[in-house]
Amino acid sequence: MKKLRFSALLFAALLCGCSAEPEKCVRSIYAMDTLMSLTAYGDNAQEALDRAAERLAELEQELSVTIPDSDIGRLNSSGGVPVTVSDDTAEILRAALEVSAQSRGALDVTIYPVLREWGFTTGEYSVPDSETLAELLENVDYTRVEIAGNEVSIPEGFAVDLGAVAKGYASDCAAEIMRSCGVSSAVMNLGGNVCVTGSKPDGSPWKVAVADPFGGEYLGTLSVSDCFVITSGKYERCFTGEDGRRYHHIIDPATGYPSENGLSAVTVLGESGVECDALSTALLVLGEEGAADLWREHGGFEMLLVTDDRRLVSTRGFAEKFENSSEMELQILE
Ligand code: AMP
Ligand code: MG
């Protein structure tokens, strides 16, 4: 799992093209356990990327589950005592809890003890027995997370992991920096979570490829401007158990086992990175029917569901922007 191990933050490349008009700046950063690539155009592009890189480093320090004095580190060792957290942490938790309620617990940031038992936090994988999982699930319940302003508390024995939502929130922050620096053309890929600001420098929409969970190159491309395109997939992190079965990193909090509800991947398109990220994880757990129900009930986003039996199901708003280059037929949800 993504567990926000966020080890060292490595500033890899700073490549500023100087001859083209408008100026193009590209920066690669390793943060939140993932490679992030940021591209911005125009006069203020370099300053915007510098500020975005700083902001991503700051978020890592606040949100990492493996940094003991991060907000999440302190919360997880708080023994039930309220902890004062940053505005960022409080905001992410609020956004996650809202989607937890909408999805009736399919997204649950208190799933961490279960993730840890599976080894998704360390890479030392093993399949827990069902008694252990049942016991751990007693300490999983998002309704027990209490937030009052910047004071957060969780019961003793509970632990939180923001791996399902942090990169989406980080992309919101990066997009905000682009806007405040006057950058009107940027594309940022935070480990598969894509955020586009404005359109391409020539005014045409950005083309965002949607990954193929079955190992092909990609399923197709979205033509979009000013939005977030965030995917959750079973293929992203998985291991083969001693029993020869494949286990992936998105856990169904109802069972403690990796979610097997017939979906291989979900892509969410919307205007809030943190919301799209929370939703993509929740919808993957909910399965095709549950995802469709949540969309009909709450709306405010577009989505593409890729089923295990190789069907594509999407909302009309998604289909209108999507060029399907796969062999799978696209069915529209009404
Ligand atoms: P994403 O790639 O955004 O779908 O996030 C997946 C990550 O979220 C996993 O690697 C875990 O760290 C964490 N996670 C797994 N299952 C859940 C769940 N049901 N609710 C919240 N977080 C989860
Ligand atoms: Mg997510």
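These exercises walk through a predicted model, one site or contact at a time.

Residues are numbered from 1 along each chain as written, and chains are lettered from A and ligands numbered from 1 in written order. Local features need pLDDT of at least 70, side-chain atom pairs count only at pLDDT 80 or more, totals for chains, interfaces and linings use all residues, and side-chain values use heavy atoms, without hydrogens or water.

**Exercise 1. H3 against H7**

Task: describe how helix H3 (residues 87-102) packs on H7.

Solution: 
- Take the axes. They come within 9 Å and cross at roughly 10°. Axes are lines fitted to C-alpha atoms, for helices over the stretch in contact, and angles run from 0 to 180 degrees between N-to-C directions.
- Classify the angle. H3 and H7 are therefore roughly parallel. Angles under 35 degrees count as roughly parallel, over 145 as roughly antiparallel, 65 to 115 as roughly perpendicular and the rest as oblique.
- List the contacts (heavy atoms within 4.5 Å). From H3, Ile92, Ala95, Val99 and Gln102 meet Val274, Ala278, Leu279, Ala282, Leu294 and His298 of H7.
- Sort them by class. The contact has eight nonpolar, two polar and no charged residues. Ala, Val, Leu, Ile, Met, Phe, Trp, Tyr, Cys and Pro count as nonpolar, Asp, Glu, Lys and Arg as charged, and the others, Gly among them, as polar.

**Exercise 2. H1 against H3**

Task: repeat the analysis for helix H1 (residues 45-63) and H3.

Solution: 
- The axes are 10 Å apart, and the packing angle is about 70°. That makes H1 roughly perpendicular to H3.
- Arg55, Glu58, Leu59, Glu62 and Leu63 of H1 meet Asp88, Thr89 and Ile92 of H3.
- By class, this contact holds three nonpolar, one polar and four charged residues.

**Exercise 3. Two positive phi angles**

Task: locate Asp226 and Arg310, and give the phi of Asp226 and of Arg310.

Solution: 
- Asp226 sits in the loop between strand S10 (218-224) and strand S11 (227-233). Its phi is positive, about 45°, although Asp226 is not a glycine.
- Asp226 is partly exposed, because its relative accessibility is 46%.
- Arg310 lies in the loop between strand S15 (302-307) and strand S16 (312-315). Its phi is about 60°, again positive in a residue that is not a glycine.

**Exercise 4. A residue of H1**

Task: is Leu49 buried or exposed, and what does it touch?

Solution: 
- Leu49 belongs to helix H1. At 1% relative accessibility, Leu49 counts as buried.
- Set aside neighbours within four places in sequence. Leu49 then contacts Cys25, Val26, Arg27, Leu38, Ala40 and Met178.

Technical notes: Helices (H or I, at least four residues) and strands (E, at least two) are DSSP runs, numbered from the N terminus. Buried means under 20% relative accessible area, exposed over 50%, partly exposed in between (1.4 Å probe, protein chains only).
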